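Me: I'd like to learn how to read a protein model one feature at a time. Please give me the general idea first, and then the case in point.

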Amino acid sequence: MKSFAALALLAVVLSCRLDTFFRGSGSGAPPVAGPPAALRFTDQPQSTHARKTLPPVRVAVRDDQGNVVAGFGGVVALTIDSDTGGVSLGDTTTVAAANGIATFRHLRIDKAGAGYRLVASAPGTALAPVKSQAFAILPPLTGNITVTTTTTGSNLPSGYTVTVDDSISQPIGINAVVTFVGLAAGSHVVTLAGVTSACVIHGANPDTVSVSGGETAQASFDITCAAPPPPPPPPPATGSLTVTTATTGSNLPAGYTVTLENGQSGTIGANDSVTATGIAVGDHTVTLGGVPANCTVASPNPQAVTVTVGATAQASFMISCSATGP
């Protein structure tokens with residue numbers, strides 16, 4: 001009877017151990033995580049050059065046994081430890097966790113330095129913030145920009161000024177090359193100034209150039225210049241002409257006509273004075289017309305006058321009229 005009881009007990013023990021063996025062999029479901037208990041960096045921040053994006057940083061939410069809480073989808077935030085603060089971490093510092101892990105792919109620090117640490121937190125939860133391991137931000141990668149000018153045509157300027165990012169300038173000849181060294185990797189704006197109105201730049205100005213660390217980027221400006229058009233001819237030199245009539249007697253006419261040798265004409269009263277402007281400089285002949293038969297022009301008719309620049313020539317006509325028959 002005792003032997004039978006011992007065998008039964010041994011069977012129960014073996015059954016329990018075999019069940020434990022098979023459950024731990026990996027063929028069953030993963031263990032179910034408990035409630036969130038802590039934050040842990042699974043991918044620590046790595047040393048990177050300033051102004052470059054850090055390799056992805058990952059923070060996991062774990063239970064008190066170290067298991068990832070896959071059901072956690074809350075927000076995880078990163079900040080720079082206050083001991084190494086004063087710099088920006090980039091524009092994406094808050095990420096929603098996926099399956100219990102928050103991944104930060106757009107972190108960037110612009111200031112070189114050592115001993116940086118990140119602090120992870122889960123806003124709105126009781127989880128304690130946790131610090132990353134220390135890492136360094138190396139000096140930014142730098143490169144160069146070589147600027148070339150090629151100028152053709154006539155009426156060429158003596159030179160230009162080339163500026164990078166509205167901050168660094170150098171003079172440059174009309175067919176020359178200058179180099180800007182030690183520029184941070186990234187995009188830069190190159191502007192050529194001092195281009196005269198007689199010249200045209202073919203292509204973009206300003207020009208955007210991408211600089212890679214250790215490399216020399218190129219910016220080229222092709223300029224064509226031309227002689228300015230001749231100035232317009234000066235207006236013809238002119239002066240003025242004043243014609244005066246003085247008529248006496250009886251049965252006076254209403255007026256007369258005054259005509260120049262070039263056909264330019266106008267009217268004038270019996271006792272009148274008119275001035276014509278814009279008369280070409282030189283010698284002219286003035287004729288008084290429309291004189292009725294009962295009137296006689298006592299002055300020379302036509303008269304010769306000379307018009308000079310900016311001056312007024314004079315022509316006077318004396319006319320006498322008599323009464324006509326009944």
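Reply: Happy to! Let's begin with Arg 108, which counts as partly exposed because its relative accessibility is 37%. The scale calls a residue buried under 20% relative accessible area, exposed over 50%, and partly exposed in between, using a 1.4 Å probe and protein chains only. Keep in mind that this is a predicted model, in which local features need pLDDT of at least 70 and side-chain atom pairs count only at pLDDT 80 or more, while totals for chains, interfaces and linings use all residues. Residues are numbered from 1 along each chain as its sequence is written, and side-chain values use heavy atoms, with hydrogens and water left out.

Me: Which residue does the side chain of Arg 108 meet in a salt bridge?

Reply: The general idea is that side chains of opposite charge can pair when their charged atoms come close. The rule used here asks for a side-chain nitrogen of Lys or Arg within 4 Å of a carboxyl oxygen of Asp or Glu. Arg 108 meets Asp 110, with 3.3 Å from N to O. Asp 110 is partly exposed, at a relative accessible area of 38%.

Me: How many salt bridges does the structure hold?

Reply: Three. Another of them joins the side chains of Asp 43 and Arg 58, at 2.8 Å from N to O. Asp 43 sits in strand 1 (residues 38-43) and Arg 58 in strand 3 (residues 57-62), so this pair ties together parts that are 15 residues apart in sequence. Strands here are DSSP runs of E with at least two residues, numbered from the N terminus. Asp 43 is partly exposed, with a relative accessible area of 29%, and Arg 58 is partly exposed too, with 24%.

Me: What does Lys 131 pair with?

Reply: Lys 131 forms a salt bridge with Asp 81, and their closest N and O atoms are 3.3 Å apart. The two come from distant parts of the chain: Lys 131 is in strand 9 (residues 130-131), Asp 81 is in the loop between strand 4 and strand 5, and 50 residues separate them.

Me: Is Asp 81 buried or exposed?

Reply: Asp 81 counts as buried, because its relative accessibility is 6%. If you list what Asp 81 touches, leaving aside neighbours within four places in sequence, you find Arg 117, Val 119 and Lys 131. Contact there means heavy atoms within 4.5 Å.

Me: What kind of peptide bond joins Asn 205 and Pro 206?

Reply: A cis bond, with omega about 5°. Pro 206 is in the loop between strand 16 (199-202) and strand 17 (207-211). A cis bond with omega of about 5° also joins Asn 301 and Pro 302, and Pro 302 is in the loop between strand 24 (295-297) and strand 25 (303-307).

Me: Which residues have the most contacts inside the largest nonpolar core?

Reply: A nonpolar core is a set of buried Ala, Val, Leu, Ile, Met, Phe, Trp, Tyr and Cys residues joined through side-chain atoms within 4.5 Å. The largest one has 27 residues, and Phe 41, Val 59, Leu 78, Phe 104, Leu 107 and Leu 118 have the most contacts inside it. At least two residues of this core come from each of strand 1, strand 3, strand 4, strand 6, strand 8 (118-121) and strand 10 (135-138). Apart from this core lies another, of 21 residues, including Tyr 160, Ile 174, Val 211 and Ala 217.

How values were computed: Helix = DSSP H or I, 4+ residues; strand = E, 2+ residues; numbered from the N terminus.
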